[in-house]
Amino acid sequence: MKKTFLFAALLFCLTGCFSSAKQSNTITIWHWITDRQDAFVRLAEQYEQQTGVKVKFELYAPSDIYSRKIMAAVQSSVLPDIFGVLGEKKKFASFIEGGFVADLTEEFRQNDAAWEKSLFEKALNVNRFEEGNIYQVKPGIYGVPIDVTNIQMLYNQDLLVKAGIKTPPTNFDEFLSAIAALNRIGVDGLVSGWGEIWMIECFASNYAFNIMGEEKVMATYRGEVPYTDEDWIKVFTLFKTLRDKKTLALGIVAKGNKYAEQDFALERAAFAFNGSWCVNVYDKMNPGLKYGAMLPPRVNLERPMQVWGGAGTSFVVNGMSENKTMAIDFLKWLTAKEQQVFLARETKNLPSNREALADIPTVLSQFASAMDLTTHPSIWKYNESPLVIEAFCKGIQAIVIGEAMPERVAADVQRIKERELQREQR
Amino acid sequence: MSIVGVKKLSIEEIRDMVGSYFFILPAVFIFSVFYIYPFFEIFNLSLHDWNGISLTRQFIGLDNFAEIMQDKVWWMSMWHAAYITLIALTFQNALAFALALACDRDIRMRRFYRVVFYLPPVLSEVVVGLIWQWILNSGMQNGEPVGLLNYFLTKAHLNHLVRDWLADPQTALTCIAVVHSWKGFGWGFIILLAGLQTIDRQLYEAARVDGAGSLSVLKNVTIPMMIPVFVVVMVLTILGSMQVFVLVLSMVGQGLVYHTEVPVTRIIASMTGTSRFGYACAQGIIFGGILLVSSFALNKFSKKLKQG
């Protein structure tokens, strides 16, 4: 009896080790989005009632922990049926190259491309690889956007009124004046999660596009324009100005975005730089908060301000899953109008399905109105090396805490850029 | 032809030996699969340029190791870990020893104190980090500091000491080191207390009869008898403090410039931030080597101390 039990236990353990992606009537989804878990679970129950297929949403948060779990699952070939690839497009391309992500192009093209047409193009583009892409990935669509997002500036209406500011600032000088007025009544200016370097990259990249335009930014990434160029110095100097004018909330460079969200929601700062997901977060933290969304105030008035945006959350289908067809069917259902309306209502995120946009809160519609101005590293032709990005963002942190001057940071970033270019040539 | 000195084994002895090997086989298997194979695989990866996903790896020999030697941020992170370790070795262990000495005596409620002192180590590092982040918060609301420390400093009219604790390069790492010591002293306390209780009470009585005072007893009886325990605590402190990272992540996220980087956060950054798995493995090997050498050195030093 004991032997039988031991054998059964061993068999259970061994099968457990190789249990992923096997065919069953259950689809497993790994995600990292804490505030959507409840809504996902409710949708899964509804889907099971309708089709008999069980859907298991497994939450692994925060996103960096999730990324590590996905990487470990790749190594041990235990990826679930549906998951998300976080990070730069190069990483996404590696997943496709390894066969871990299914090509969904044919699925999107069926029925006169009905599925493709129902979703926001900008959101789909994040999951699309064009002909002749630098990653040499077969052209096509490899992911399904579950919602769309963009990252803008938020302002607290009550605090602005209290400081005598009638309308939100539209350019950088007005922004600085507004914050000076806010400081006079003892309110912090701008808060953001700049302890997470991607948020610094996002903010800086918005202004780089505004100051010098996309082509020059891309030329820098290709190594044709140095970071010591005067336009880049202007970008770095912007952070020095923000520091010198006491525009930034105390401790901003060590703040995770969760804490920055808390500061804005509890009215400790009048402006925040945050994504459209914040509507749900602020609503939970302070339902009475009166605020609006605006584009970051422009420095160069001759160019539009482009902001990061597109797909907020995208799911991909495991290319090695036996449940591939079932997984695709579920994603089609999840991105259909009814489910998207439900998700938008319950989680206050922008839906990826165009038809589900009606009946969303005012702030969300302000975010939605900027979708045409969005851009994202995932749709750029060239991406900067992660090591350069790290040096770039850490350099900006050094400027913000008064430890380095813009010119020195520019020189340091350029030195790392040149080293990376040499490595690429090797 | 027989070999001189080699005894011919009887069938009985061979069977006995095979039986013994059979018994240790599961342990050897587990050790090989979970320790030896991963070590060689990590070494193998450290010789490659690999992003962790791609099916192909490019062999680059010792290039990763050569690059680490010139990586200023890596060596800076090593120094930061050494600084945290230094504070843990002194402040944390001195506190642990003082409290262990107090609890070794017949004081009231000593069991209660034992439980209280052991509470911080059993708390999750993430929770501890988040609590201390709130205590050290530099924000203001309605003219009042939000963080507990700055609030008390303001109330005590020590406004000149109020600062941005976790966003100031001069205080951020020290704050992490102090919180790490606060969280870790309970381990040392328990081990040192157990060590103190093994000292024969007759030695104390004999010293007292000879007219030794409290300080003299501590210097001539307690400390010499505790040297092996001190060494264990020091080795554990070095290994634990050098590998600190959860606390760093929960207190300052991805770091304040490079001022709060420690070796493990650099390894994580190489793996998940810049997708350089080979480089991360090389960092891991160098870091492991340094820890191994420092543990051996400490062991040798303690042996010399005992002989002296």
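## Exercises on contacts and packing in chain A

In this predicted model, 31 residues of chain A are in contact with 25 residues of chain B, two residues being in contact if their C-beta atoms, placed from the backbone, lie within 7 Å. Residues are numbered from 1 along each chain as its sequence is written, while chains are lettered from A and ligands numbered from 1 in the order in which they are written. Because the model is predicted, local features need pLDDT of at least 70 and side-chain atom pairs count only at pLDDT 80 or more, whereas totals for chains, interfaces and linings use all residues.

**Exercise 1.** Describe the side of chain A that touches chain B by element and by class.

*Solution.* Start with the elements: α3 (63-75), α4 and α17 (386-400) of chain A each give two or more residues to this side, where helices (H or I, at least four residues) and strands (E, at least two) are DSSP runs, numbered from the N terminus. Next, the largest share, six residues, comes from α17(A). Finally, the residues of this side divide into 13 nonpolar, eight polar and 10 charged; Ala, Val, Leu, Ile, Met, Phe, Trp, Tyr, Cys and Pro count as nonpolar, Asp, Glu, Lys and Arg as charged, and the others, Gly among them, as polar.

**Exercise 2.** Determine how α17(A) packs against α18 (406-425) of chain A.

*Solution.* The two helices pack at an angle of about 170 degrees, with their axes 9 Å apart; axes are lines fitted to C-alpha atoms, for helices over the stretch in contact, and angles run from 0 to 180 degrees between N-to-C directions. That angle makes α17(A) roughly antiparallel to α18(A), because angles over 145 degrees count as roughly antiparallel. Among the residues that make the contact are Leu387(A), Ala391(A) and Phe392(A) of α17(A), together with Val409(A), Val413(A) and Ile416(A) of α18(A). By class, the residues of this contact divide into 10 nonpolar, one polar and three charged.

**Exercise 3.** Characterise the surroundings and the pairing of strand β1 (26-31) of chain A.

*Solution.* Consider burial to begin with: β1(A) is mostly covered, five of its six residues being buried, where a residue is buried if 20 or more other C-beta atoms, placed from the backbone, lie within 10 Å of its own. Then turn to the partner, since β1(A) pairs with β2 (54-59) of chain A in the parallel sense over six bridges, and two strands pair if DSSP finds at least two bridges between them. Within this pairing, Ile27(A) stands opposite Val55(A) in β2(A).

Conventions: Angles under 35 degrees count as roughly parallel, over 145 as roughly antiparallel, 65 to 115 as roughly perpendicular and the rest as oblique. A residue is buried if 20 or more other C-beta atoms lie within 10 Å of its own, exposed if 12 or fewer, and partly exposed in between; C-beta atoms are placed from the backbone.
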